[in-house]
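Reader: I am new to reading protein structures and would like to go through this one slowly. Could you show it to me first, and then take my questions in turn?

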Amino acid sequence: MKLKTSLLLTGFVLLLSAPLLWGRLDPDYSLGTVALGLDLARGLEFFRNLLPAIALGLLFAGLLRFRHRLPRLPRPARLDQLKERSWAIPALIALLWLPGLFLGSKGLSQATFAAQYVLLAVGLNITVGMAGILVLGYSAYFAIGAYVFAVLQQWIWLPWWMALPVGFAASALMGWLVALPSLRLRGDYLAIVTLGFAEALREILRNGGAITGGDKGIVIAVPHRINGILGLTSQQVAWMAAAAVAVLGVAAIDRIYHSRLGRAWVAIREDEVAAGAMGIPTVRMKILAFSLSAGFAGLSGVLYAGFTVFVDPSACTFEESVLVLAMVILGGLGSIPGSIVGAILLFLIPTWLRDWFPQMQDYRLLIFGMILVAVMLTRPQGLLGSNRHKAELEGAPE
Amino acid sequence: MTAPLFRASGLTKSFGGLAAVQGVSLELPTATIQAVIGPNGAGKTTFFNCLTGIYRPDAGQVELAGQNLSGMAPHQVCHAGLARTFQNIRLFPEMTVLENVLAGRFAHLHTTLWAAVLRTPAYREAEAHARGIARELLDFVGLSRHEKQWARNLPYGLQRRLEIARALATEPKVLLLDEPGAGMNPNEIDTLIGLVDQVRARDVGVILIEHHMKLVMELAERILVLEHGEPIAAGTPAEIRDDPRVIEAYLGKGA
């Protein structure tokens with residue numbers, strides 16, 4: 001039923017966009033007019049190019065529809081028990097490191113960025129998914145992490161690994177300050193305040209003169225950036241660092257989620273008045289949630305700056321904020337595995353579209369949007385956004 | 001003379017020109033059961049909201065075991081030992097039954113962020129202890145079999161009981177029940193009467209708002225009657241039953 005609706009809607013979107021696609025815009029600057037002509041060949045070419053994406057979407061929708069008949073993954077309960085083992089985290093990190101030795105430089109850099117997005121999405125999930133407070137300017141805290149590292153390393157000896165806690169602390173502090181006035185109020189004030197803060201921060205970074213390097217940004221000094229050691233290339237080290245920080249960050253968030261703090265956040269999301277009446281200091285808990293979210297964005301920012309060896313104000317854009325938010329929503333609000341899957345998919349899909357179907361370069365965002373719409377229609381709760389509690393408690397430690 | 005367990009004196013709350021609660025006083029000398037009754041719109045729930053810090057009363061004092069609760073935020077009122085349930089059930093729907101009760105343990109679980117991240121032995125012990133208490137409370141209200149279900153999937157009557165378990169998890173000295181019997185059938189009412197009686201047996205004072213007269217008459221030692229936000233009568237069930245003003249408020253003049 002939902003599949004049919006989503007196909008119908010996809011068709012509707014195509015119908016709406018068809019005139020635009022078929023049309024050829026001929027701006028005539030001398031006359032100041034725009035002529036719209038029909039270009040049949042180009043329109044047909046577009047739809048031909050679209051076929052692989054449609055096939056991909058159908059495959060995806062089919063997988064979702066018939067997921068009950070697919071071979072089952074390890075049951076979440078078993079995974080939960082596995083998670084409790086002391087060797088689970090080092091083992092997972094080692095498992096992620098191994099393929100890094102064989103991947104090419106392109107694969108490595110994609111994996112590194114994906115790990116940074118995982119950290120961002122799981123971090124944002126604390127505020128948006130668990131505590132249920134919308135945030136629209138999350139990229140600001142990513143930028144703060146990156147810039148604090150970039151600025152400080154100009155003056156003092158600060159290699160990237162030392163900058164990690166500094167970036168975390170700086171972003172968390174800034175998040176705390178921004179949340180302090182806005183979270184005393186109920187409702188979506190934080191969304192607007194963070195949005196405004198992110199926009200203002202970008203202008204500050206652009207106009208920061210010698211300190212922020214203006215539009216040109218700052219280059220990270222050679223000894224401070226992520227370099228190769230012990231025969232490993234810098235890209236391998238960057239992947240290993242990003243994977244390790246992401247695993248440790250996600251594990252920390254998962255543990256907090258299962259503690260009284262996580263329960264308090266979910267309680268606030270479910271019913272703020274009742275949460276307060278049950279002894280949960282709602283304001284303090286909401287500020288803590290956002291401060292933590294900001295801190296994890298800061299970590300991601302330091303990793304980013306250390307790897308790309310360069311930061312500029314484009315680290316702090318609304319598009320980035322929305323992309324990370326889309327990752328959290330697509331994966332399923334409140335679900336940590338969901339955020340991980342959402343981050344990896346939403347980062348890799350546009351990259352793959354670019355690499356595999358270069359002829360569709362111009363329509364990348366359109367296809368991307370269609371995939372998002374299709375997923376949200378077939379699974380409004382997100383890819384992994386259901387039954388979290390059941391799965392969680394069946395394997396809960398006693 | 002020792003301070004009473006609970007005392008509210010002269011509580012007043014107005015919204016614009018409307019006095020929703022005016023000069024209402026109530027005292028629980030020890031862990032007993034009192035009822036607040038009155039027609040719809042008499043200000044009973046507003047009175048509860050003033051007691052629990054959800055509204056800030058314009059005048060009046062609230063004291064619990066000698067501690068002044070006036071001006072406290074809801075969570076501080078709860079920490080002081082005053083817990084409540086809600087007229088229109090306010091559980092955490094997408095949490096399990098057990099998690100709902102655990103959420104009520106927040107203030108008694110002193111685990112820090114770091115302890116949670118590092119999973120220290122003290123953290124594990126505190127968590128296990130909290131789960132033990134939560135399970136004991138679920139057993140107490142008869143919900144043990146349902147602990148893994150989502151709160152939203154519980155039948156109505158059980159949701160009411162879960163709200164009581166969640167409130168008890170905060171270890172209150174006094175429990176406020178806002179229409180616990182609303183929408184229940186006679187069988188469920190009988191079970192509820194037994195449950196509230198057992199709550200008092202745990203040395204918890206109970207103040208309940210209720211329309212269901214059987215429940216009120218069987219449980220309450222004293223009854224306070226509100227009409228248009230003002231107290232019109234107070235006394236034992238027998239006194240209230242025969243009070244002409246109460247009869248008038250409920251049935252109208254000439255009844």
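**How the two chains meet**

Author: The model shown is a predicted one, and across the interface of chain B and chain A the rule finds 2 salt bridges.

Reader: Which helix gives the most to the side of chain B that touches chain A?

Author: At least two residues of that side come from each of α2 (74–80), α3 (97–103), α4 (113–118), α5 (121–141) and α6 (156–168) of chain B. The helix that gives the most, with 6 residues, is α5(B).

Reader: How much area is buried between chain B and chain A?

Author: The size of an interface is often given as the accessible area lost when the parts come together. Here 40 residues of chain B are in contact with 37 residues of chain A. Carbon and sulfur atoms give 62% of the area buried between the two chains, which is about 3,400 Å².

Reader: Within chain A, are α5(A) and α14(A) roughly parallel or roughly perpendicular to each other?

Author: Helix α5 (residues 105–130) and helix α14 (residues 318–331) of chain A pack with their axes 9 Å apart, at an angle of about 75 degrees. Angles of 65 to 115 degrees count as roughly perpendicular, and therefore α5(A) and α14(A) are roughly perpendicular.

Conventions:
Residues numbered from 1 in each chain as written. Chains lettered and ligands numbered in written order. Predicted model: local features only at pLDDT ≥ 70, side-chain atom pairs only at ≥ 80, totals over all residues. Heavy atoms only, no water. Contact = heavy atoms within 4.5 Å. Buried area = accessible area lost by both parts, 1.4 Å probe. Salt bridge = Lys/Arg side-chain N within 4 Å of Asp/Glu carboxyl O. Helix = DSSP H or I, 4+ residues; strand = E, 2+ residues; numbered from the N terminus. Axes fitted to C-alpha atoms, helices over the stretch in contact; angles between N-to-C directions. Parallel < 35°, antiparallel > 145°, perpendicular 65-115°, else oblique.
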